[in-house]
Amino acid sequence: MSDVVKLEQDGPLAVITFDSPPLNLFDNAVFEGFDKAIRAVAADPPRGLLIRAEGKVVSGGVDVGKVFDGMSPEAGGKLWDDLLETIHILDELPLPTVFAAHGLCLTAAFEIALACDVLLASEKAKFGLVEIVVGLTPSMGGPQRLAERAGPNRAKELIFTGELFGAAALERWNVVNRVYAPEEFEAASRAFAEKVANGPTKAHAATKRLVAAQKESGARAADAIVAEVSGPLFATEDLQNAVKSFLTDGPGKATYEGR
């Protein structure tokens, strides 16, 4: 895929890895590599996606000198349009998406994490949208997605201050889903992603559609599409086989193929 953003397949799970040492800074090569990886996932969807990073940190943020220095308002607007297009593709993938943050996770990487369905963190992880240091606001969807999770006032606090926040605090704010001890993080985050990837993929996609409708227009809007979204699940092999397994062997014994 690229030298700095790798896409690999591990059974039903696709894994995107940032690997641009020493700080995994987002420059044009990383942005382009991530866009290509997300488009490849969308073109041939796996049953789950894990996004992670190599090195001591997830990312130290954007390479300011290479990306922002001398940028015109017109170029800045196009940059955000292009990056948000990538975020929207990630957001709309019909499968569970998991972001694993083992260490410092700033700006663009944090915004990508916020676009995933589940955010897992090591106890050592720290997060920040620190764009105020260059007079900017986060513009890859961070403010709005952070507000969805933590509420508007918490989102503004985090962005206005430019402070770093630990995994435990963001778990309390409903930004981080689960926190693991550092020594178990790699195995635990991979196991979580594999578990959801091995689930009923079409049912997971239906869940995402219903939650998206609720976020957009409220619970009644989601109610209005339940028949359209959930009715067809009865035709899936996964549901039919799981019902048979339930009746024969009891709950929790079914296996799924994503069909």
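## A188 and helix 8

A188 is buried, with a relative accessible area of 18%; buried here means under 20% relative accessible area, exposed means over 50%, and partly exposed is in between, using a 1.4 Å probe and protein chains only. This residue belongs to helix 8 (residues 182-197). Helices (H or I, at least four residues) and strands (E, at least two) are DSSP runs, numbered from the N terminus. S122 is 66 residues away from A188 in sequence, with 9.8 Å between the two in space, C-alpha to C-alpha.

A word on what you are looking at: this is a predicted model, in which local features need pLDDT of at least 70 and side-chain atom pairs count only at pLDDT 80 or more, while totals for chains, interfaces and linings use all residues. Residues are numbered from 1 along each chain as its sequence is written, and side-chain values use heavy atoms, with hydrogens and water left out.

Let's turn to strand 2 (residues 13-18). Strand 2 is mostly covered, as six of its six residues are buried. L13, V15 and T17 point one way from the strand, while A14, I16 and F18 point the other way. Strand 3 (residues 48-53) is also mostly covered, with six of six residues buried. In strand 3, G48, L50 and R52 point one way, and L49, I51 and A53 point the other.

How do these strands pair? Two strands count as paired if DSSP finds at least two bridges between them. Strand 1 (residues 5-10) and strand 2 run antiparallel and are joined by six bridges; Q9 stands opposite A14 of strand 2. The hairpin of strands 1 and 2 has two residues between the strands, and G11 takes a positive phi near 65° there. On the pairing with strand 3, strand 2 runs parallel and is again joined by six bridges. Across that pairing, I16 faces I51 and L13 faces G48.

## The phenylalanine cluster

The structure holds seven aromatic pairs. Rings of Phe, Tyr and Trp (its six-membered ring) pair if their centres lie within 6.5 Å; planes under 30 degrees apart count as stacked, over 60 as edge-to-face, and the rest as tilted. One of the pairs is F18 with F34: the ring centres are 5.5 Å apart and the planes stand at 40°, so the pair is tilted. F18 sits in strand 2 and F34 in helix 1 (residues 28-43), so the pair ties together parts that are 16 residues apart in sequence.

F26 and F31 form another tilted pair, 5.3 Å centre to centre with 50° between the planes. F26 and F31 are buried as well. Ring pairs link F18, F26, F31 and F34 into a cluster.

Strand 7 (residues 126-128) runs antiparallel to strand 8, and two bridges join them. In this pairing, F127 stands opposite F165 of strand 8.

Helix 4 (residues 107-114) is mostly covered, with eight of its eight residues buried. Among its buried residues are F110, E111 and I112.

## A buried lysine

Is K208 buried or exposed? K208 is buried, with a relative accessible area of 16%. This lysine lies in helix 9 (residues 201-217). K208 touches D91, L93, L95, T97 and D117, leaving aside residues up to four places away in sequence; contact means heavy atoms within 4.5 Å.

What makes up the nonpolar surface patch of about 330 Å²? V64, I132, V133 and V134 form this patch. Patches are made of residues with over 30% relative accessible area and no salt bridge, joining like charges within 9 Å and nonpolar side chains (Val, Leu, Ile, Met, Phe, Trp, Tyr) within 5 Å. A salt bridge is a side-chain nitrogen of Lys or Arg within 4 Å of a carboxyl oxygen of Asp or Glu. Accessible areas come from the Shrake-Rupley method with a 1.4 Å probe, and for residues only the protein chains shown count as cover.

V133 is found in the loop between strand 7 and helix 5 (142-150). At 67% relative accessibility, V133 counts as exposed.
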